[in-house]
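Here are a few friendly exercises to work through with the structure in view. Try each task before reading its solution.

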Amino acid sequence: MGEKNNSTFLIKSSADRNRSFGTGFCVHKDDKGSFLLTAGHVVDSCGRDHLLVASFSATLLHISQDNDTLDLALIYVEGLINSSPLKLSNEKAKENDEFTIVGYRPHKNDHAKEPLKGSIKKAYPLESKHIRNIYELTINDGDSIEQGYSGSAVVSAVTGLVIAIATDRKRDGKQAFATPAYYLREIWKDIPNNLFQSLSNLNPYKGLNSFGYDDQANYYGREEEAKEIAKTLKTTRLLTLLGASGSGKSSLIYAGVVPLIEENGVEILTFRPLDNPLKSLASLFIPLLYEDKLEQLRKEKELANDLLKNSITITQLVEQLLEKKRAKHLYLVIDQFEELFTLTDDKEHRGAFLAKVLELITGTLPVTLLISMRADFLTYLSYSDSLNEVYNNHPNKMLAILKKEKLRAVIEKPALALGVTFADGLVEKIIEEIEQEAGQLPLLEFALEQLWRHKKGRVISFETLEQIGSITQSISHYADSVYERYPNLHNSIKRVLINLVSPGSGRADTKKMALFNEFNEADKETILKLSDERLIVTTEQEVKEKSEKTIEIVHEALIREWKQLKDWLDEYREFLVWQERVREDRVFYKENGDLLKDSKLLVAKNFLGSHGEYVSKGDRGFVEESIKKDNTNRRIKILSIIFLLIVLTGVALFFWKLKNNEEKATEKLAISIKGYLERTQNSDISFENKKKIYSFLIDDFKNEENVHIIKIVSRAYNNLGLIYKKDEKYENSIREYDEAIKRDIKYRKAYSNRGNAYLALSKYSNAINDYKKVLELNPKCKDYANLIETVSKRELPKDEELIENTLKDWEEKECKSYRPYFFIGSWYFKNENYEDAKKFAQYSLSRNTKNNELKYKSYTLLGKSYIQLNEFDEAIQNYKKALELEPKKSWLYVYIFTCQLVNDENYVFDEELEKEFLKLKEDSNKKIYEKLKLLQRIIKGEKNYLNKDINESFDGKWYLEILDNWINGFDEGEVKERLREAIGVFKGHGKID
């Protein structure tokens, strides 16, 4: 686990018998070699064209020109690829800062790499052409710095960053001088930005990530448990580490236990089961069997299948491993063992994997298994008797929450190692808040990471804690801030995150892994942003012989603590549970070929309709394939219905085909099916079943070229359009009528039906064109009426010729309907031809003997026409006839009263009419009635009343329209002037003097 840093190298001269003149250290590397930083005088001593590093020739890239104050050089060593770059410090060192120098001390005929320790004595400027700082170094007692250390890295004991390059020394070796590392920018103009770091970048806290092997220096709190587990592993073949989510199991293993069990002759392999545990297991051994990287990718799946079939055993693989590595013992660590039950849908793979685990535990090879698992999944072990038995017969360790002193170590020690402290009392406050919290460690680590990010200087203050909210709320506070930072991505963030959670059933919700390519392009962009914000993590996995990016929520603490996510999960829980089940069905389908059907398919259709945007590509494809299969099966059932029809004529058709030909038989069958369609349309069969029959015919025969079949398909489209019309889905019905007409351009019914749909959508011009086409094909009285009605609603003066010609054709056909007369009258009224409007309203009434609704409309049309012609007595008579048909129409009373007033200013209101009027809507009608009397006072010329006589709360807009229309019917004079004044009062223009 982990490799020792190989950063520091001797620099020799190929021109001087490979004599060494100093040291260089790696600061950067590429695919072909390494970039080394050293002192300028070391390069000049070797000879710029004779540089040699680890047997490779080196090339000088940059060197300082002002050696009085800047003694630096950068060289490139092609072929040196096993180096480890050191990070450089951006910050100035301070007096007494401690450091380590790794250089080469002369030793006989060679040099030995030895570290020296010391501290910064002081920093001061040197003056030449430029003023630059230089550090004076003090070497600790018992050590001395010698010539071989020139060009060595001076590394901070606190941060681990290179703070300077050793360039000179005093004779006694107790003191030396060094050039600050940040001056490298002066000689290397295009230096990569990531070479430098500052203290703020060296965050020792892991946030929601687990501690890894390389983080052991900052790992505190569970040292005792690590030692206990390491000791127990020496005496057992299995140890199960249990704990709640957030108890720190993974961190304990990688940063605590693994470093303790490392020793010569011991091999340690670690992995997670993920969604394919056999493939994860195989990936451990592939590098041992195949050296070529491409070959490794190809063979991983093969090895997983071999393990599944047991053609290669886990025992054989471990034997090869031990032999090739010359190892005496293997520790196999299976982290997050619960994934075997939460992510692995394939039961056969799960069973095979458990068999391999049991084979190692019960075998004789020198192998020890360390398994970590969430405690709330412990009952899953009981599903396997053998696994349950070995668990009970071997030790296990249950992690408890950390108490006060251990929490103090977790909080303080990583910061102190980097010279950062907490304000007095702050550590105690943090401990008090977190000590009794379940899942305390991710909460604590995340808050500490945030405190470090927001700190100012080398002290973490109470103000910084206030800035992140609180310890327990820091995750939620941070997630909220990320969510609000991307307002345009709210829906996408929700889609992504809920698809990364497995809903608990009697247990807590858990995170789950998903494939990056399962998401749409917009959600992929969101995933990358959430990854940058550290809410999810992405990794590369081998899937189906190719590398695939997988994603998962960074830690289950986010699921527990972020209220917004918890609300989404509660809202979509039913959907998420279904999603888990449908994925199990997908696995079953791969094994047995069974798609969804019956109630499962019905539920899937509902979720696809209601939650379609949240359904992954894989799940959607599975459901849609199930729907397609179900539709095929249903077509077969529907075909049996049609088959019954065919049977009725089957024998005759058989002999017809023998006697005549295929074309005649097809024509005969088409006529039978056409009749069947017509009977179906008028039958009591449900709309849903009718739709299935029509859809079946369309799907199966829409591409046929036989003219008789084409007509059948055209009828099916038309009938489907009628079903949509019943549901008032007119746009859908128009689409079906279009298809019908496209296949049969003389299909009269389709034009008529499409015209009706256009009329319902008030698309009058489209409807008129269809009705005209109907009349061209086969004119009927109803079609003339439809055309005239539509033209009347279009209200265009240019349609007069169309009106007259249509009426002429209609009358020549001796149609007896009264409807066209009314619509023609309405058209003339809208175009201000009141005489013709009156005439056609009268025609309609003279022919209408039974339609009271149209009678009422005709009487009111007559009344309005007479008003416009100033024939008020006639208007009153027609409104009274309309009132007999519709006695509850308030506006008829108002028209009658107002006509009377305009006709006779001394009119005495009819008590019977007044009584009936006031009965209808007592409050509003009473106000209207008062206005009518006020109108009479105005017309009679009465003065000296105020605007307050008018109830301002009464909306008389429609009544004002009456006055506005009628005022033009009066000659200029006193009454017309009074009406103008009345309108002013009604509009609230103030009192009339």
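**Exercise 1. Find which residues of H21 are buried, and where they sit around the helix.**

Step 1. Buried means under 20% relative accessible area, exposed over 50%, and partly exposed in between (1.4 Å probe, protein chains only). In H21, the buried residues include Leu601, Ala604, Phe607 and Leu608.

Step 2. Looking down the axis of H21, the buried residues fall within an arc of 125°, so they line one face of the helix. The arc is that of the directions from the helix axis to the C-beta atoms.

Step 3. An α-helix has 3.6 residues a turn, so residues three or four places apart point the same way.

Step 4. Turned away from the buried side of H21 is a face with the exposed residues Asp598, Ser599, Leu602 and Gly609.

A note on the model: it is predicted, so local features need pLDDT of at least 70 and side-chain atom pairs count only at pLDDT 80 or more, while totals for chains, interfaces and linings use all residues. Residues are numbered from 1 along each chain as its sequence is written, and side-chain values use heavy atoms, leaving out hydrogens and water.

**Exercise 2. Check the span of helix H21.**

Step 1. Helices (H or I, at least four residues) and strands (E, at least two) are DSSP runs, numbered from the N terminus.

Step 2. The expected span is 1.5 Å times one less than the number of residues.

**Exercise 3. State how many of the chain's residues are buried.**

Of the 993 residues, 50% count as buried. Cys26 is one of the buried residues, at 0% relative accessibility.
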